[in-house]
Amino acid sequence: MMNMMRMTILVPMLITLLLIMLPASGVQQPSLSYVYKLGDNGVASVTIVVSRLTGIIEYSIHVYEEVINESLVAFDEQGNIVLATYNGTHITIYPMNTTDKVIIQYEAIAGHVTVEGLIQVNLTVHGTTTIILPEGAGLIYFSGNPEVEIIGETIKLRYSEPGIIQLEYIPPIPITTP
């Protein structure tokens, strides 16, 4: 009886030890890249590309900005709709092991307007990120060390590392004619 009890304890411990010792190098985590196209009022059109999903049935991404739920859509590389849900803190996609890449798109409240009329944006991202300011906006402040590109009257910031991104900009001033 005592030997049987030892075996029931020893076997699960050995299996657990073997699983811990297996190399994790063959397991690839999904890769994320973000694009935030900011608007005049702090609302952003967001695109997240999730790659390396082969073998994954469901995947959740913690989002820190307020997602406008009705705007959430996800699709694979061929344009087929992929089920996506939002629960207030996470977007969960269900690629069901049928694709390697899912594109998620939604509208979000990414910034807020200050008393002075500036837009302050705070983002927490888990991958490379491109932020596109509205055409004609003036960039006042940005954190980190992004690559900055100006095309015409549009400013783009490219961050190569995940982390917290803060920026402040002046929305474009509408020109009215009498």
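Is glutamate 149 buried, partly exposed or exposed, and what is its relative accessible area? With a relative accessible area of 26%, glutamate 149 is partly exposed, where buried means under 20% relative accessible area, exposed over 50%, and partly exposed in between (1.4 Å probe, protein chains only). The model is predicted, so local features need pLDDT of at least 70 and side-chain atom pairs count only at pLDDT 80 or more, while totals for chains, interfaces and linings use all residues. Residues are numbered from 1 along each chain as its sequence is written, and side-chain values use heavy atoms, with hydrogens and water left out.

A view of the whole chain comes next. The chain contains one helix and 14 strands; helices (H or I, at least four residues) and strands (E, at least two) are DSSP runs, numbered from the N terminus. Of its 178 residues, 34% count as buried. The chain exposes about 11,100 Å², and carbon and sulfur atoms supply 60% of this area, with accessible areas taken from the Shrake-Rupley method using a 1.4 Å probe and, for residues, only the protein chains shown as cover. Among contacts (heavy atoms within 4.5 Å) between residues at least 6 apart in sequence, 65% join residues at least 24 apart.

In soluble globular proteins, nonpolar side chains tend to be buried together. Here the largest nonpolar core has 38 residues, and Ile104, Tyr106 and Ile131 touch the most other members. Such a core is a set of buried Ala, Val, Leu, Ile, Met, Phe, Trp, Tyr and Cys residues joined through side-chain atoms within 4.5 Å. Leaving aside residues up to four places away in sequence, the residues that isoleucine 104 touches include Val46, Ile48, Leu72 and Ile93.

Glutamate 149 belongs to the charged part of the picture. The structure holds two salt bridges, each a side-chain nitrogen of Lys or Arg within 4 Å of a carboxyl oxygen of Asp or Glu. One joins glutamate 149 to arginine 158, with the closest N and O atoms 2.5 Å apart. In the other, the side chains of glutamate 147 and arginine 158 meet at 3.6 Å, N to O. Glutamate 147 lies in strand 12 (residues 147-151) and arginine 158 in strand 13 (residues 154-159), so this pair ties together parts that are eleven residues apart in sequence. Glutamate 147 is partly exposed at 48% relative accessibility, and arginine 158 is partly exposed at 29%.

The surface also has a nonpolar side. Ile140, Tyr141 and Ile170 make a nonpolar surface patch of about 270 Å². Patches are made of residues with over 30% relative accessible area and no salt bridge, like charges being joined within 9 Å and nonpolar side chains (Val, Leu, Ile, Met, Phe, Trp, Tyr) within 5 Å. Isoleucine 170 lies in strand 14 (residues 163-170) and is partly exposed, with a relative accessible area of 35%.

Most residues other than glycine have a negative phi. Methionine 96, however, has a positive phi of about 55 degrees, and asparagine 97 has one of about 60 degrees. Methionine 96 sits in the loop between strand 6 (90-93) and strand 7 (101-109), and asparagine 97 lies in the loop between strand 6 and strand 7. Methionine 96 is partly exposed at 47%, and asparagine 97 is partly exposed at 42%.
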